[in-house]
Amino acid sequence: RQHLPPRGEPYLLAIAHVSHYDPVVVGTLLRRKLDYMARAEFYETPIARWFVEQAGCIRIDRTGPALPGIREALRRLAKRRPVAIFPEGEIMSGADSVRNGGPVKGGAGLISRRASRGGAAVPILPCVVLGGDQFRRVLPWLPLRTGQLWIGLGEPIWPADDARPGRASRASASAELGDAMRDVYQQMQEQFDLPAEVKP
């Protein structure tokens, strides 16, 4: 937790996405209230919609206009609330995972840059969480069974002051974030004896 900004300071938590349980795992282990960006599909059924609305999520349309979701994220950051984003856009595994060299989208860099205009800089905090996908199996839910979860945080990535806004700067920010997330994952492999089933 040494890389977490002080409470009351806004930041973007960029999480490598391995399972739908990631928000629960990250929120529990970090002990922070986070406003998650959630894809529009979760708002299509009443039960899922109720859940994400109660959790304070931000609706983001991945196939249509994303601007309303981006503006809401900026409003939350302006209120000094941390926002969590899954920069891969969806759950990824294997070679598609950012941890194994897969790409990240440009949303995190765009939001960080826009949130930092005319005010305090809003950093991106790279985050890798492992083990959440085990909750899809029955065994971890049984009494007297234990499971393991791992979470790693990298150093904050601050928006560049000199880069011109546009596609090139978003690509540069995405590449920097991808490298940082892979570094975190590498450090986790070196520090912890990770079982093969949790490695993407």
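Me: Which residue in β5 stands opposite Leu13?

Reply: In this predicted model, the residue of β5 that stands opposite Leu13 is Leu125.

Me: And how many bridges join β1 to β5, and which way do they run?

Reply: Five bridges join β1 to β5, and these two strands run parallel.

Me: What is the bridge partner of Leu13 in β4?

Reply: In β4 the partner of Leu13 is Ala84, and β1 and β4, which run parallel, are joined by three bridges.

Me: How do the residues of β1 point, and are they buried or exposed?

Reply: Leu12, Ala14 and Ala16 point one way from β1, while Leu13 and Ile15 point the other way, and all of them are buried. In a regular strand the side chains alternate between the two faces of the sheet. Since five of the five residues of β1 are buried, the strand is largely enclosed by the rest of the structure.

Me: What about β2, which strands does it pair with?

Reply: With β4 it pairs in the parallel sense over two bridges, and Tyr36 stands opposite Ala84 of β4. Three bridges join β2 to β3, and these strands also run parallel, with Arg39 standing opposite Ile60 in β3.

Me: Why is β2 described as largely enclosed?

Reply: Because four of the five residues of β2 are buried, the strand counts as largely enclosed by the rest of the structure.

Me: Changing topic, where does Ser112 lie?

Reply: Ser112 lies in helix α4, which covers residues 107–116.

Me: Is Ser112 buried or exposed, and why?

Reply: Ser112 counts as buried because its relative accessibility is 2%, and the cut-off for buried is under 20%.

Me: What does Ser112 touch?

Reply: Leaving aside residues up to four places away in sequence, Ser112 touches Leu12, Val122, Pro123, Ile124 and Pro159. Of these, Leu12 is a buried residue of β1.

Me: Which other residues of α4 are buried?

Reply: Besides Ser112, the buried residues of α4 are Ala108, Gly109, Leu110, Ile111, Arg113 and Ser116. With seven of its ten residues buried, α4 is therefore largely enclosed by the rest of the structure.

Me: And what covers them?

Reply: The cover over the buried residues of α4 includes the strands β1 (12–16), β2 (35–39), β4 (83–85) and β5 (124–130), together with the helices α3 (67–78) and α5 (167–191).

Me: How do the axes of α3 and α4 cross?

Reply: Their axes come within 10 Å and cross at roughly 50 degrees, which means that α3 is oblique to α4. The crossing in which α3 passes α4 is right-handed.

Me: Which residues meet there?

Reply: From α3 there are Leu67, Ile70, Ala73, Leu74 and Leu77, and these meet Leu110, Ile111, Arg114 and Ala115 in α4. The residues of this contact divide into eight nonpolar, no polar and one charged.

Notes: Residues numbered from 1 in each chain as written. Predicted model: local features only at pLDDT ≥ 70, side-chain atom pairs only at ≥ 80, totals over all residues. Heavy atoms only, no water. Buried < 20%, exposed > 50% of the residue type's maximum accessible area, 1.4 Å probe, protein only. Contact = heavy atoms within 4.5 Å. Axes fitted to C-alpha atoms, helices over the stretch in contact; angles between N-to-C directions. Parallel < 35°, antiparallel > 145°, perpendicular 65-115°, else oblique. Left-handed = near helix turned anticlockwise from the far one by under 90°. Nonpolar A, V, L, I, M, F, W, Y, C, P; charged D, E, K, R; others polar. Pairing = 2+ DSSP bridges.
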